[in-house]
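Work through the exercises below with the sequence and the 3D model at hand. Each task is followed by a solution in steps.

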Amino acid sequence: MIDREHAGILPDKPHTALRDANGGLFYEEMFTRDGFSGGFTYFYHRYPITPHREVSSTHRGYAPPVADERAMSPLKRRLYLSDKIPQGGQLFERRFPILFSRDLTILLARPTETDEAYFANGDGDELWFVQEGSARLESPCGWLDVRTGDYVWVPRSMIHRWHVLSKSMRLLCFEAHGGVHIPEQFRNPLGQFKLDAPFTHRDFVRPTGPISTPERIQDGPRELYVKKHGRYTHYVLEHPPMDVVGWDGFVYPWAFHIEKYQAKTGLIHLPPTIHTTFAGKGFVVCSFVPRVTDTHPEAIPCPYPHSSVDCDEVILYLRGNFTSRRGVGPGALSLHPAGIAHGPHPGAYEASIGSKRTDELAVMVDTYLPLQPTSQAANIEEPGYHSSWAG
């Protein structure tokens, strides 16, 4: 959640009657987090939100993650190629879990079609990263245009659908079971981003809308798929869900382009925590963007070999010359599990001395619970990655 936004028509005070020009009553919805103690948004609907024509269990949706025991032993560094994920279909059902824990599921997707139904993920917030392509996210808050390089946040249980605008899309998703938030160290007591935060409020793109107006209600699909506890329920809705004529609050989808991240540089190499962008229960997401490297005359800019004994590390490589790795290109996804040391490939550490800047672009997630690879991960794994550190 970034800050308060509002759009459309609103009553002067919450929980009071809002009427159209003919005296018709609009229906208020409270969309709350953490019970009634966290962030919330008011939505004002033309119709009541509670009626359903049909309710049924369904198997339509993406498969829950299942650990592949063969991919968990022996313990070694692994590399996955995201472009080997099957292309096609709609995003709400064609996403592939690659790694997971109780706190987080990491998924890949390559959709080609606009969602024909609405979707709401009751199992967690979704933080997407658009590797390639463009789309429009439709939600009760309005339209959100997204493009290559955007992080896109979809709050838990918010009804939405993706409109695919490009022939090719590649996306990475963090399904965060305990939510996603802006790290507290970036905010002052008022909730404003601090002057030394790695981004500003202006860097976040908000939805434009709402889609409906009192005179014209947006009519879309009447089907809704809700995911909860890894199971799916299919609803046929009595009224169009995009009948919102006004909203006000802190909970709404947003987009943040990775290259708006303000990178820091030190006298000597600083730890990966300086790249922290978002956080959630049991994990942090970091953004590696082009920047000037360390300024000490004897600095070694290449990341140091390290044993981070409490965290698994996953990096999606996007662009640039990845000086610490060889044989790693855009779209590669590395897993370096806790328990074994990792770091630059042989020769990279020494070769980085004297460099003045880096043009690397990558997304990293560190998790405190160990990540388990799935069978889908085994299908896209690049063999021999672990042994690439030998000599």
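This is a predicted model: local features need pLDDT of at least 70, side-chain atom pairs count only at pLDDT 80 or more; totals for chains, interfaces and linings use all residues.

**Exercise 1: a tryptophan pair**

Both W128 and W162 are buried.

Task: Find how the rings of W128 and W162 are arranged, and which parts of the chain the pair ties together.

Solution. 
Step 1. The ring centres of W128 and W162 are 5.7 Å apart, and rings pair if their centres lie within 6.5 Å.
Step 2. The angle between the two planes is 65°; an angle over 60 degrees counts as edge-to-face, so W128 and W162 form an edge-to-face pair.
Step 3. W128 belongs to strand β9 (residues 125-132) and W162 to strand β13 (residues 161-164), so the pair ties together parts that are 34 residues apart in sequence.

**Exercise 2: other rings**

Task: State how many aromatic pairs a search of the whole structure finds, and name residues that ring pairs link into a cluster.

Solution. 
Step 1. The search of the whole structure gives 23 aromatic pairs.
Step 2. Ring pairs link a cluster made of F129, Y151, W153, F186, F193, F199, F204, W254, F256 and F278.
Step 3. A ring can also meet a charge: the charged end of R77 sits over the ring of W389, 4.5 Å from its centre.

**Exercise 3: cysteines**

Solution. 
Step 1. A disulfide needs two cysteine sulfur atoms within 2.5 Å.
Step 2. Zero disulfides are found in the whole structure.
Step 3. C286 is buried, with a relative accessible area of 2%, and C311 is buried, with 11%.

How values were computed. Residues are numbered from 1 along each chain as its sequence is written. Side-chain values use heavy atoms; hydrogens and water are left out. Buried means under 20% relative accessible area, exposed over 50%, partly exposed in between (1.4 Å probe, protein chains only). Rings of Phe, Tyr and Trp (its six-membered ring) pair if their centres lie within 6.5 Å; planes under 30 degrees apart count as stacked, over 60 as edge-to-face and the rest as tilted. Helices (H or I, at least four residues) and strands (E, at least two) are DSSP runs, numbered from the N terminus. A charge sits over a ring if NZ of Lys or CZ of Arg is within 6 Å of the ring centre and within 35 degrees of the ring normal.
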